[in-house]
Every structure is written in C-alpha cells, then in structure tokens.
Amino acid sequence: MRPPPNPQNIHVVLNPKAGGDVFLDMPFAEIRHLSFSPSRLLHYFCFIVLGLKGTLHDNDDKVVALEGEEGGAISTKIEAGRTYLYHVEGDESSFTSSLVDPEAVRELGSNVSSTSEGHDTAFRTRLIERDGSGIFSGTFPDYCHGQHIIAHSKGADWLNLIIENRTPYDNDNMSGFDRVNDPRNGFLDSPNIHLSISKRNVFIFKTPNCYLHREDIPLAAPNHDIYPGSMAPLDSRFTMMLAVDSPGPKSLHIESPSDAMFAEPSANDLPSGLLLDYFNAAVLLKNYLKGNETLNSSPFPRPPAVPVVCQQTFIPRSDNRKSLNHTPPPPGTK
C-alpha cells in the first residue's frame, strides 16, 4: 500500500495501471526551484523515466494541464501534499520497453568516464575544440575532465540500445552516433562538476524539449569566467541545476542555475538532448524514485554480457611438480 505524501511533498505514480508502486516522491519546493512551470517539469520527468509520452491526472481523474494550455472544467494544477497519476499514451504493458534501466545508469557519470584515464585522445581533443573551457564553470581546459554522459565502461552496445529505444530531439543530430567516445556523448568541465555528476546531484536540462520551453527554467547569472569568445547556442539552452538541497553540492561552489557556453555554439555535435534526458532520469532514480525493487526485477532489453577473460598464471613445470609433490619436513628437522 503506497503511503500518502507528506504535506510538503507530492507523489507522481508512473505505473497506475500496473500496480502503482513506482512513483516520484519530491518536495514541492524543489519542483518550484527547478522550474517556473511545475506541470511541464513533472510531465518531462515522467517522460524521461518511462520514455513514453503521457498525461498527468489527479486522484479525481482531472487532467493536469500544461502551463499555457489551461482551460476547461477538467483541468487542475500541481499542489503540495497531493498524488498525481501519469497515464501513458498507448499500452502500459510495454512499461519496460523504453524505461530507464537501472543497470545502464549504474556507472553513469562515474570516474571511469574521465578521459584523463586515456580512453580516447581524439575525444578530449574534440571537446576542447568545441567547448573551449568548462562549459558551465569556464575552467581552463588543462584543468578539466572530458565527461561522458553514458559511461565509457558501458560501451557502444549500451549506447546504441538507449538511442534505439528513445525519441531524439528535433534539433539533435543523431547521424552516425554509434560510439561511446562520440563528442555528442560528453562535454568538458571541472573536477567539481565531474564529481557532482558522478554523485548524480545535478540535472542538466536541454531546452526546448517535448515539454519544457527555454523560459520554463530559471535564468542563470552571467558567468564572467567563461572562455573568451564562448557563447550559448542560439536555438537551445543547456542548464545545470543542483538536484538536491544539501551542503555537499553547495560546498563544491557550483553555480546553480548555470548555462553552458561553447567555443563552437553552432557545432552539429553538441551534447545530445536524448542522452542528457537519460542522465536526468538517473538523477531521479537516485534521489526521488520509490519502487526500485520493481524496476530491478523488470525484464529490460539489454545487450549481451561481455565475457570476462581470465588471465591465468602458469607455473613452470619443474616448479609445478615440486609444489604439488613436495612434502614439507617435520618440525625441528632441516
């Protein structure tokens, strides 16, 4: 039995027709902090976790209208202390076909993603050319990590599976996107931001997307440390915001919100909105999602496991025979 939310939180049930045991439990103040449009934000959150479009309803089956599209007697708005149900378009039996997979994001953003470990020099080189500096912090490139969105350790099979099961943005260039070291799967920034990503303490919103407009996300203060000549893209925003109100992320001196700037803002290989959505879903899984037992037991489509090659150490034959047949002398004898 799902408990009611506390008066300061809301619940958003992601599988109302399939048990109702997978839901977001979020402080309403946190939702208002992240967006000026709570309904659009919650529609977006449900969409990135499930990979399926749908509509929010309250417990009285009233539709929760998107901001700017209110109207009619059946519409309502988001309020603290209430539960909302996300009804997907189409058949809910395909619940796990595009659902964010806990296994895919288990290492997402972890330190193995850093190009400082020598995975691909070309990846880091292209990020420096495109980004110029840390895209959110303005950190000089020599002191930046090349951050993968989908972890390098997951490899091309996981990357391709995620791309195949998700809908790309209209302005996402997905042509030939089949390598984990593709620059669309990364960006350049400081170790502090790298750590916050590995801890999943930040969201990175690419707007506009299927629910959020650019103006739905709070404006960032001007970053005077940004690399000279860097600019924001003309047709989109990449905005990083702290996901958790705790001393940990704040102690890293991360500006929130912070808008990304690029040395090549019109490049056709900017970070993929599709993959950033997947990363944001991982942040939700860690911080706000209840019902992970159901998710972990679900039959996700996954690539075949890569066999582990064991390296065996051989003992030379003479030593081997000695070690097998030699009996140590009794105590006190030589």
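Predicted model: local features only at pLDDT ≥ 70, side-chain atom pairs only at ≥ 80, totals over all residues.
Student: Which residues of helix α3 are buried?

Tutor: Helix α3 spans residues 121–131. A residue counts as buried when its relative accessible area is under 20%. In α3 that applies to Phe123, Arg126, Leu127, Arg130 and Asp131.

Student: Within what arc do those buried residues fall, seen down the axis of α3?

Tutor: The buried set runs from Phe123 to Asp131. Looking down the axis of α3, these residues line one face of the helix, because they fall within an arc of 110°.

Student: Which residues are exposed on the other side of α3?

Tutor: Exposed means over 50% relative accessible area. On the other side of α3, two residues are exposed: Thr121 and Ala122.

Student: Is Ser190 buried or exposed?

Tutor: Ser190 sits in the loop joining β8 to α5 (191–198). Its relative accessible area is 9%. The cut-off for burial is under 20%, so Ser190 is buried.

Student: Which residues does Ser190 touch, leaving out residues up to four places away in sequence?

Tutor: Contact here means heavy atoms within 4.5 Å. With residues up to four places away in sequence set aside, Ser190 touches Ser137, Thr139, Tyr143 and Cys144.

Student: How are α2 and α7 oriented to each other?

Tutor: Helix α2 covers residues 38–50, and helix α7 covers residues 273–287. Their axes come within 8 Å and cross at roughly 100°. Angles of 65 to 115 degrees fall in one class, so α2 and α7 are roughly perpendicular.

Student: Which residues of α7 make the contact with α2?

Tutor: From α2 come Tyr44, Phe45, Ile48 and Val49. By class, the contact has six nonpolar residues, one polar and one charged. The α7 side consists of Asp277, Asn280, Ala281 and Leu284.

Student: How far apart are the axes of α4 and α7?

Tutor: Helix α4 runs over residues 155–164. It packs against α7 at an angle of about 100°, and the two helices are therefore roughly perpendicular. Their axes are separated by 10 Å.

Student: How many nonpolar residues does the contact of α4 with α7 have?

Tutor: Leu159, Ile162 and Ile163 of α4 meet Leu274, Leu275 and Tyr278 of α7. The contact has no polar and no charged residues. Its nonpolar count is six.

Student: Which residues does a cis peptide bond join?

Tutor: Look in the loop between β9 (202–207) and β10 (237–242), where Pro208 is placed. Omega of the cis bond is about 0°. The bond joins Thr207 and Pro208.

Student: Is Arg200 buried or exposed?

Tutor: Arg200 is in the loop between α5 and β9. Its phi is positive, near 55°, although Arg200 is not a glycine. Relative accessibility is 13%. That is under the 20% cut-off, so Arg200 counts as buried.

Student: Is Asp61 buried or exposed?

Tutor: Asp61 lies in the loop between β3 (54–58) and β4 (63–64). It has a positive phi of about 65° without being a glycine. Its relative accessible area is 51%. Over 50% is the criterion, so Asp61 is exposed.

Student: What distance separates the C-alpha atoms of Asn59 and Leu85?

Tutor: Asn59 is in the loop between β3 and β4. It is exposed, at 53% relative accessible area, and touches Thr83 and Leu85. Asn59 and Leu85 are 26 residues apart along the chain. Their C-alpha atoms are separated by 7.2 Å.

Student: Among contacts between residues at least 6 apart in sequence, what share joins residues at least 24 apart?

Tutor: The chain has nine helices and twelve strands. Of the contacts between residues at least 6 apart in sequence, those joining residues at least 24 apart make up 77%.

Student: What percentage of the chain's residues is buried?

Tutor: The accessible surface of the chain comes to about 16400 Å². Carbon and sulfur atoms account for 53% of that surface. The chain has 334 residues, and the buried share of them is 51%.

Technical notes: Residues numbered from 1 in each chain as written. Heavy atoms only, no water. Axes fitted to C-alpha atoms, helices over the stretch in contact; angles between N-to-C directions. Helix = DSSP H or I, 4+ residues; strand = E, 2+ residues; numbered from the N terminus. Parallel < 35°, antiparallel > 145°, perpendicular 65-115°, else oblique. Nonpolar A, V, L, I, M, F, W, Y, C, P; charged D, E, K, R; others polar. Buried < 20%, exposed > 50% of the residue type's maximum accessible area, 1.4 Å probe, protein only. Areas by Shrake-Rupley, 256 points an atom, 1.4 Å probe, with all protein chains shown as cover. Arc of directions from axis to C-beta.
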